[in-house]
Amino acid sequence: MTDCIFCKIIDQEIPSYKVYEDDKVYAFLDITQVTKGHTLLVPKEHVTDIFEYDPALAGDVFARVPKVARALEKAFPEMQGLNIINNNKELAYQSVFHSHIHLIPRYGKTDDFS
Ligand code: 5GP
Ligand code: ZN
């Protein structure tokens, strides 16, 4: 999709810090680090939100979540936990309309989510 910021990131037209990549998905650091290592996992295929997934795409994307989680655990061994969040549509706080899954490492109960 021509005017999608995440498609441009996947195509390397916009720089990003890569966490994981294969033929189906790309994972990169969120520009706003809610906590250290906050990562977005996106399908390489442009889909707007979860309502556009078919079962094959859902399998491709969600099967990669543990891989990205393990990559984060390796990069940030002090990580104590992980939140996985997926916002769909504006009312639910989606702001980029190329579907993505947030992986937010947790380091302690005092992690700042504001
Ligand atoms: P949403 O609010 O749609 O669930 O999450 C979109 C996320 O994309 C936000 O956390 C925002 O910080 C991130 N984001 C927006 N533009 C860029 C960008 O150009 N690069 C990166 N790495 N992250 C972005
Ligand atoms: Zn896109």
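Predicted model: local features only at pLDDT ≥ 70, side-chain atom pairs only at ≥ 80, totals over all residues.
Select His100 and keep it on screen. The unreviewed UniProt entry lists His100 under "active site".

Is His100 buried or exposed? It is buried, because 23 other C-beta atoms lie within 10 Å and 20 or more are enough to count as buried. Leaving out residues up to four places away in sequence, His100 touches Phe6, Leu40, Leu41 and Val42.

Next, select ligand 1. Which residues come nearest to ligand 1? They are Ile31, Thr32, Asn87, Ser95 and Val96, out of 14 residues around the ligand. Colour that shell by residue type. You will find 8 nonpolar residues, 5 polar and 1 charged.

Zoom out and switch to cartoon. The protein has 3 helices and 5 strands. Trace the chain along the sequence: the pattern reads α-β-β-β-α-α-β-β.

Show the C-alpha trace alone. Along its principal axes it spans about 40 × 30 × 30 Å.

Finish with two whole-protein views. Colour by burial: 21% of the 114 residues count as buried, and His100 is one of the buried residues. Then draw the contacts between residues at least 6 apart in sequence. Of these, 57% join residues at least 24 apart.

Definitions and conventions: Residues numbered from 1 in each chain as written. Chains lettered and ligands numbered in written order. Near = placed C-beta within 6 Å. Nonpolar A, V, L, I, M, F, W, Y, C, P; charged D, E, K, R; others polar. UniProt positions renumbered as here; feature names shortened; annotations may be inferred. Buried ≥ 20, exposed ≤ 12 C-beta atoms within 10 Å, placed from the backbone. Contact = placed C-beta atoms within 7 Å. Helix = DSSP H or I, 4+ residues; strand = E, 2+ residues; numbered from the N terminus.
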